[in-house]
Amino acid sequence: MKKKIGSIILNTVAILIILSFAINMGINYITRSTTISQSTSMDGVYTLDFVETQSPTFFSQSDVCIVLKRGNEEKQEFYTEIANDGKRLDQNNWKVIWNEDRVTVTLKGEEQDDQVIVMKFVTNK
């Protein structure tokens, strides 16, 4: 009888350890930042990164950051959310139009209207 109780306790502890490890791995996977896509201006001076900062949990929105850089200098960041029915984001969730003095980004999600973001270039003259 004591052997059976000891076996049950040991199995329970093993299951709790495995479950704890799986939950920890899942949280790390969900919360890591992932660059979805990148675009470069026509003159090659500016780059724009589309970064998912937090993936959706079940059917929630994705947290994203749009990062405009000139060379290696980070110039601007814009944080927002995209409601995409809990699906992973990809390059089809944004559209980029480069202009002479700014870049226009349109973010698209299945459960939201398009969101337009205009980021002006910063120049040190």
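**A pair across two strands**

Tutor: V64 stands opposite T80 in strand 4. Bear in mind that this is a predicted model, where local features need pLDDT of at least 70, side-chain atom pairs count only at pLDDT 80 or more, and totals for chains, interfaces and linings use all residues. Residues are numbered from 1 along each chain as its sequence is written, and side-chain values use heavy atoms, with hydrogens and water left out.

Student: In which sense do strand 3 and strand 4 pair, and over how many bridges?

Tutor: Strands are DSSP runs (E, at least two residues), numbered from the N terminus. Two of them pair if DSSP finds at least two bridges between them. Strand 3 covers residues 62-70, and its pairing with strand 4 is antiparallel, over 9 bridges.

Student: Why is one side of strand 4 left without a neighbour in the sheet?

Tutor: The open sheet has 4 strands in the order 1-2-3-4, with antiparallel pairing. Strand 4 (73-82) has a single partner strand, so one side of it has no neighbour in the sheet, because it stands at the edge.

Student: Does T80 count as buried or exposed?

Tutor: Buried means under 20% relative accessible area, exposed over 50%, and partly exposed in between (1.4 Å probe, protein chains only). T80 has 16% relative accessibility, so it counts as buried.

Student: With which side chain does the side chain of T80 make a polar contact?

Tutor: Leaving aside neighbours within four places in sequence, T80 is in contact (heavy atoms within 4.5 Å) with S62, D63, V64, L107 and Q115. A polar contact is a pair of N or O atoms within 3.5 Å; within protein, one must be able to donate a hydrogen and the other to accept it, and residues adjacent in sequence count only if both atoms are side-chain atoms. At 3.1 Å, the side-chain partner of T80 is Q115.
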